[in-house]
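Please have the sequence and the structure open.

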Amino acid sequence: MDCNIDPKSVVINVIRQKLLDWYDQNQRDLPWRRERDPYRIWLSEVMLQQTRVSTVIPYYERFLKVFPTLSSLAEADEQKVLKLWEGLGYYARARNLFEAVKEVQKTYGGEVPSDPADFKKLRGVGEYSSAAVLSIAYQKPLAAVDGNVVRVICRLFMIEDDPTKSITYKQINTTARKLLDLRRPGDFNQAMMELGAIVCLPRSPQCFKCILTKECLAYQKGKAEELPISKKTRPIPTIEYAAAIIIKERHCLLHQRDRSGMLGGLWELPAIEKRNRKKIELEQCFSSLLRNPVKLKKRTSLLNHTFSHQRWKVYVYPTESSNPVPDNKNNWCWANAEDISALPFPKIYHPILPDIISRLQTHLN
DNA sequence: AATACGGGGCC
DNA sequence: GGCCCAGTATT
């Protein structure tokens, strides 16, 4: 495609070499940088999607202690995989990785395919992850363009258009391919990301320690911090969430959330969930949900929790003892205290679970 | 092309 | 309260 950013190849060569030299001297010592196993590189890239390095590190190490090899993960139980992902967010990543790893075991004999066409077919492997994993693990000459790279390139070449527009994104991608060092593609990709992560920051970029200020058009114009231009923000929906504690013989009724939706595959109390709606008749809703009359007692807890994209209002109601029998047995279970600690729950449940467990242990209800 | 998808850290 | 993070799948 036509690219009006056409820096002289001399500049390209200078940027490429400076960046690699800087990376060789200044890269952080991260767990996945010590690894050669493509499976481990892959796992790191999946965990790092939309997630900070500092958040990922403990999850990464814990995960690999339980599933040290691709084969061990391929033979795992999905609930245990989700439990290790608990709190990391974007749970589809865990389910997709699990499915993809089983596919690799079945179709590619347990070897992560090195052909980009094959690798990208796998669930959860997109343009970025494909380039990142294959360049790092197999030295494939693919440019990995993540949020860091977008920011670095927008600043280096003064791209003032919205990078989320596909035409602009193609320009950025073309530029990344021209910059790529074909002899050390994995290191070069990581160098770009590393610069974005520790020098070319979204806010307050540390230009005083950047080795590319002479080549950076945005810096020369004093506009580094303004780029890339940001997208418009979306309104945050409020989620009203009412949950019932239903206990029978030291077991608590739990429901597994639909795998395709939010917090898919995680467990929860029987709950009524409404977005941006008015009050609802809770007892009626619960009774209909459980195909059985439910008597609520006084609300015990109210949690307000604001995430990036949602504002949660959580109400928890103990119930009068009854014998509710959910329709679809597959997604329901009666869990004792031990079961509860083994099941994956959304983060919002962490303050509530101790209360539920103590109710089970003390015969309350 | 726009939206859904978690949770945390920082200003 | 807004922004952003080693993005991908779905609509």
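## A backbone contact to DNA

Which atom of DNA strand C lies 3.2 Å from a backbone N or O atom of Gly147? A phosphate oxygen does. The model is predicted.

Asp146 places a side-chain N or O atom 2.6 Å from a sugar or linking oxygen of DNA strand C. Helix 8 (127-138), helix 9 (147-156) and helix 11 (185-198) are the elements that give two or more residues to the surface near DNA strand C.

The protein surface here has eleven charged, ten polar and eight nonpolar residues.

Chain A splits into domain 1 (9-226) and domain 2 (238-361). Domain 1 gives nine residues to the contact, and domain 2 gives 15. The C-alpha centres of the two domains are 37 Å apart. Together the domains bury about 950 Å², with 45% of it on carbon and sulfur atoms.

One salt bridge is counted between domain 1 and domain 2. Glu78 and Arg259 meet through their side chains in a salt bridge, 2.6 Å from N to O. On the side of domain 1 that touches domain 2, helix 5 (residues 78-85) supplies the largest share, four residues. That side has four charged, three nonpolar and two polar residues. Seven residue pairs are in polar contact between the domains.

Key. Residues are numbered from 1 along each chain as its sequence is written. Chains are lettered from A and ligands numbered from 1 in the order in which they are written. This is a predicted model: local features need pLDDT of at least 70, side-chain atom pairs count only at pLDDT 80 or more; totals for chains, interfaces and linings use all residues. Side-chain values use heavy atoms; hydrogens and water are left out. Domain bounds come from an automatic or database domain assignment. Contact means heavy atoms within 4.5 Å. Buried area is the accessible area (1.4 Å probe) that two parts lose on being put together, summed over both. A salt bridge is a side-chain nitrogen of Lys or Arg within 4 Å of a carboxyl oxygen of Asp or Glu. A polar contact is a pair of N or O atoms within 3.5 Å; within protein, one must be able to donate a hydrogen and the other to accept it, and residues adjacent in sequence count only if both atoms are side-chain atoms. Ala, Val, Leu, Ile, Met, Phe, Trp, Tyr, Cys and Pro count as nonpolar, Asp, Glu, Lys and Arg as charged, and the others, Gly among them, as polar.
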